[in-house]
Amino acid sequence: MESLSIKDEAGPSGAADSDTEVPSVMTTSGGTRGAPTTYIAEGLEEKIRESSRPRPRLRSSVSVDQLAHPDPKILDDLEAASRRIASNVDQVVRELRGSLHGMSDLVVEACQCYQSGISSACDQADQHIRNTYSMIAKVEELNGQLEKVSGTAGKIKEMRKIVEQFEGMFKE
């Protein structure tokens, strides 16, 4: 059986106390013959505290004189780089302004097309409604005239019956 024995000697106060000793135990299976492996940690709390403490920084070998007087070539390079960046930013802003104007023009044109389409659709709907009412009026007028025709048709049927009766009388 594999075993690593580590005891927790430091309690919450940092001093060893045999009455409050609580070893940290972790058991896993998978030893040499499938037997469990037991790990006991000694001084675990103290090791955790030590690992979380900040470590002192190493000082660089740059002197104060070197920081006060930087290399003039570096300053020239920085100035040239800042000019290039400023030029690039100006160009990007100009291109962005042009793109935004183009987009605004497209939006205005789209709104005008939309307004024109809606206006045309409304005009067409009004014209169709007028035509429908006109057709309804013509149909009602035709119905009125057909009522007169049906009355006339009834009179014609009566006259036909009378004619047939006369014919029947004279034929006999």
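Guide: The protein chain exposes about 15700 Å², of which carbon and sulfur atoms supply 58%; accessible areas come from the Shrake-Rupley method with a 1.4 Å probe, and for residues only the protein chains shown count as cover. This is a predicted model, in which local features need pLDDT of at least 70 and side-chain atom pairs count only at pLDDT 80 or more, while totals for chains, interfaces and linings use all residues. Residues are numbered from 1 along each chain as its sequence is written, and side-chain values use heavy atoms, with hydrogens and water left out.

Of the 172 residues in the protein chain, 4% are buried (buried is under 20% relative accessible area, exposed over 50%, partly exposed in between, with a 1.4 Å probe and protein chains only). The chain has three helices and three strands, where helices are DSSP runs of H or I with at least four residues and strands are runs of E with at least two, numbered from the N terminus. Their order from the N terminus is β-β-β-α-α-α. Among contacts (heavy atoms within 4.5 Å) between residues at least 6 apart in sequence, 52% join residues at least 24 apart.

Helix 3 spans residues 72-171 and includes Met169. Met169 belongs, with Ile162, Phe166 and Phe170, to a nonpolar surface patch of about 490 Å². Patches are made of residues with over 30% relative accessible area and no salt bridge; like charges are joined within 9 Å, and nonpolar side chains (Val, Leu, Ile, Met, Phe, Trp, Tyr) within 5 Å. Met169 counts as exposed because its relative accessible area is 58%.

Helix 3 also holds Arg83 and Glu79, four residues apart, about one turn of the helix. These two form a salt bridge, with their closest N and O atoms 2.3 Å apart; the term requires a side-chain nitrogen of Lys or Arg within 4 Å of a carboxyl oxygen of Asp or Glu. The whole structure has one salt bridge. Arg83 is exposed at 55% relative accessibility, whereas Glu79, at 37%, is partly exposed.

As for cysteines, the count of disulfides is zero, a disulfide being a pair of cysteine sulfur atoms within 2.5 Å. Cys111 is in no disulfide, and its nearest cysteine sulfur, that of Cys113, is 9.4 Å away. Likewise, Cys113 is in no disulfide. Cys111 is partly exposed at 47% relative accessibility, and Cys113 is exposed at 51%.

Helix 3 has the highest confidence, at 92, and strand 1 (residues 3-5) the lowest, at a mean of 44. Over residues 1-31 pLDDT stays under 50, and the model has 61 contacts beyond four places in sequence for that stretch.

Definitions and conventions:
pLDDT = per-residue confidence, 0-100.
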